[in-house]
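Subject: Structure for you to look at

Hi,

Here is the structure I promised. Please open it first, then read my notes below.

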Amino acid sequence: MSENPLRSLTAANVVVVAGKGGVGKTTVTAVIARAAARSGQRVLVIELDGKPALDELLPDRDGEALTVVHLSAPDALEEYLNDHGFRRIAKRLNRTGVIDMVGTAAPGIDDVVVLGKVKQYEKSGEYDLVVVDGPAAGHAVTFLMSATGLADAVRGGPIRSQADDVLELLAEPERCMAVLVTLPETTPVNETIETAFALEEDVGIRLGPVVVNGVDQGTDLPAPDDVDAALQAAELDHAVIDVLRDAATFRRSRRAMEREALDRLAVGLPLGQVQMRALPVAGLDADDIDALADELIAESGS
Amino acid sequence: MTVDGRVAAGSMRDVVERSDVIVCCGSGGVGKTTTAAVIGMDAARLGRRVVVVTIDPAKRLADALGLSAGLSSSPQRIDGLGVDPGVGGEMWAMMLDTAATFDGLVRTHADDDEQIDRILSNRFYRNMAGAMSGTQEYMAAETLHALHNDDRFDLVVVDTPPSRNALDFLDAPGVLSRFLDHRIFKLAMLPTRSGLKVFGAAAQPIFKTIGKVVGSDVLADSLAFFQAFSGMETGFRERADDVVALLRAERTSFVVVASPRHDTITEAVWFAHQLDDQGVGVAAAIVNRVQPAFGEIEMPADIGVEGPEVEVPGVVVPGGAVAALWRNLGELQQIRNAELAALEPLVALTEPAPIALLPLLDGDIHDLGSLDQVAQHLFP
């Protein structure tokens with residue numbers, strides 16, 4: 001556990017939240033942003049591609065400065081091209097065609113344009129913290145590597161200088177860091193460890209603590225021996241005893257699996273861990289985000 | 001009809017029996033690959049010669065299938081499935097290799113070795129084969145088509161790339177055709193008086209602008225690609241039409257996969273709508289990792305210490321350990337109820353197609369035995 005989880009999760013101007021599909025990257029983004037806003041920071045949340053979900057999870061709350069914007073890579077690229085003399089000649093050409101061609105000729109150009117916008121927000125001075133919900137398809141490494149690749153392929157021009165600016169942003173630990181999100185399960189933990197090393201080696205970006213989402217922190221279970229003794233003493237129906245015992249056995253082995261995964265994460269990655277508990281719901285809403293943000297603030301003693 | 005009631009015995013098996021191709025679609029992280037593997041196992045036991053194509057397999061799944069060296073880009077046979085020798089089914093598994101598949105298409109359609117070399121070594125082509133949006137979906141469909149025509153197999157199960165849009169896959173073969181149809185391609189192909197097309201095209205204002213943005217080297221590569229590709233468009237287009245026809249064939253079934261959470265159910269519903277709009281239809285829905293039920297008992301009203309709110313009055317149970325067990329059961333039931341409520345929209349939409357709920361297991365999937373545990377719920 002990090003000593004002050006909120007501070008360690010928000011220790012740079014820009015925090016890029018990354019993780020594979022299904023691990024809860026978007027809810028973790030929302031919790032970090034909400035907790036920071038509640039602690040008095042002016043927060044901007046940037047949502048990339050995908051279907052907008054963060055507006056719903058982060059409604060306006062009195063006294064909190066929290067803004068959500070959406071950036072889509074193709075739109076950002078089109079806007080960029082328009083700003084660079086493309087509009088004048090493109091009127092009679094198929095726009096998507098040109099954008100596809102530019103995107104294919106210089107892969108990563110759309111990601112660099114997006115990261116360039118992130119940098120603009122960071123530099124604007126209007127926000128204390130910018131939280132980026134990573135790309136939908138979840139390839140954090142490709143996304144963050146885009147500037148390196150382009151800087152190799154493109155020797156000059158406006159895109160090159162944008163790539164250079166982005167590389168500078170990614171390399172400065174006070175300005176930018178990545179927070180990886182995972183679940184307390186074998187495969188997500190394995191993939192997180194791999195991604196962390198790839199980010200460190202290939203991108204050189206600072207890594208914040210890993211957020212483990214959906215950790216079972218529900219009711220404490222008695223030891224198996226105590227379960228049997230208590231159930232006998234309780235004089236319950238056999239069918240009921242079986243159900244209670246099966247449910248306890250199931251949960252105990254799920255928890256053992258979680259613990260094993262958390263331990264392996266701690267051994268495999270020398271980073272702090274911040275845990276967010278599982279809620280007994282099928283998807284979080286804005287109130288759940290508020291509650292988890294309050295818990296994060298309480299844990300951080302601020 | 002209740003959700004559980006729809007898991008009619010054998011209904012997923014019907015889908016397997018009446019299909020030559022099964023496409024698993026759904027958002028990322030919902031267990032599409034595992035589902036595809038389980039379908040493959042069952043099909044093999046039914047006597048089918050099935051090949052499972054996965055996009056981005058976790059190492060753990062390869063291990064579970066007994067392929068400790070990982071999946072390769074050519075089909076490998078899976079042993080130890082316990083297929084009845086009299087039935088004669090086989091299961092094979094492979095991983096999609098987008099770039100190699102694209103290279104194969106180029107080799108098929110090129111006129112000569114010189115054209116193949118020019119294309120395969122071109123940087124724009126390499127970018128396109130590896131990363132252009134839609135390429136992965138296109139090559140998945142292409143691979144599916146090739147395997148469908150391979151005599152070794154009579155069923156192909158494929159999991160789709162984790163795109164937001166089901167149509168990305170259905171339309172994928174058209175991506176390249178449309179790309180080549182763009183006027184920009186035609187502009188690049190304009191003959192010039194000098195006969196040096198690269199320099200001629202590069203002088204077009206549009207390309208000058210692109211060159212300014214991406215650099216002249218990158219532009220030159222792109223134009224060289226378009227010229228090298230010249231003459232192959234028709235072959236590519238015809239092949240793409242074949243692939244589209246296969247995706248829409250009667251014996252091709254689309255299975256929507258989700259997890260029991262609002263967001264992935266919303267995506268699954270969206271997928272199902274899109275497939276419907278295209279006249280394809282959903283053959284079955286599969287919801288992975290549903291909190292299991294532990295029996296039809298009701299919670300007592302007073303479990304000694306504060307516990308979940310329940311409605312059966314008059315029953316008092318000692319506190320302490322037993323109270324903790326009741327609370328545990330209550331919490332698990334609460335999750336299950338929330339999940340069942342979340343998947344209602346999918347149930348309503350896909351009716352009367354079968355929907356299977358696969359339980360969250362008490363361990364993770366690491367060998368054929370644990371895949372079998374899932375299979376028993378999918379094919380009761």
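One term before the numbers: pLDDT is the predictor's confidence in each residue, on a scale from 0 to 100. You need it here, as this is a predicted model.

**Confidence**

For chain B, the mean pLDDT is 82. In that chain, 85% of the residues reach 70 or more. Two stretches of chain B need care. Over residues 1–9 of chain B, pLDDT is below 50. That stretch still has 14 contacts in the model beyond near neighbours in sequence. Residues 304–318 of chain B also have pLDDT below 50. Here the model shows 35 contacts beyond near neighbours in sequence. Where pLDDT is low, the predicted coordinates should not be read in detail. The scores for the model are ipTM 0.91 and pTM 0.90.

**Chain B**

Chain B has 380 residues, and 48% of them are buried. Its secondary structure comes to 19 helices and ten strands. Take the contacts in chain B with a separation of 6 or more: 71% of them join residues 24 or more positions apart.

**Where the chains meet**

The contact between the chains draws on 65 residues from chain A and 60 residues from chain B. On the chain A side, these helices each supply at least two residues:

- α4 (73–90) and α5 (95–105)
- α8 (158–171) and α9 (186–203)
- α10 (224–233) and α11 (238–268)

Which helix gives the largest share of the chain A side? It is α11(A), with twelve residues. By type, the side of chain A that touches chain B divides into 38 nonpolar, 18 polar and nine charged residues.

**A helix pair in chain A**

Look next at α2 (residues 25–38) and α12 (residues 286–299), both in chain A. They pack at an angle of about 60°, and their axes are 8 Å apart. That angle makes α2(A) oblique to α12(A). The crossing of α2(A) and α12(A) is right-handed.

What does each helix bring to this contact? From α2(A) come A:Thr27, A:Ala30, A:Val31, A:Arg34, A:Ala35 and A:Arg38. They meet A:Ile289, A:Asp290, A:Leu292, A:Ala293, A:Leu296 and A:Ile297 of α12(A). The residues of this contact between α2(A) and α12(A) split into eight nonpolar, one polar and three charged.

Best wishes

Conventions. Residues are numbered from 1 along each chain as its sequence is written. Chains are lettered from A and ligands numbered from 1 in the order in which they are written. This is a predicted model: local features need pLDDT of at least 70, side-chain atom pairs count only at pLDDT 80 or more; totals for chains, interfaces and linings use all residues. Two residues are in contact if their C-beta atoms, placed from the backbone, lie within 7 Å. Helices (H or I, at least four residues) and strands (E, at least two) are DSSP runs, numbered from the N terminus. Ala, Val, Leu, Ile, Met, Phe, Trp, Tyr, Cys and Pro count as nonpolar, Asp, Glu, Lys and Arg as charged, and the others, Gly among them, as polar. Axes are lines fitted to C-alpha atoms, for helices over the stretch in contact, and angles run from 0 to 180 degrees between N-to-C directions. Angles under 35 degrees count as roughly parallel, over 145 as roughly antiparallel, 65 to 115 as roughly perpendicular and the rest as oblique. A crossing is left-handed if the near helix is turned anticlockwise from the far one by less than a right angle, and right-handed if clockwise. A residue is buried if 20 or more other C-beta atoms lie within 10 Å of its own, exposed if 12 or fewer, and partly exposed in between; C-beta atoms are placed from the backbone.
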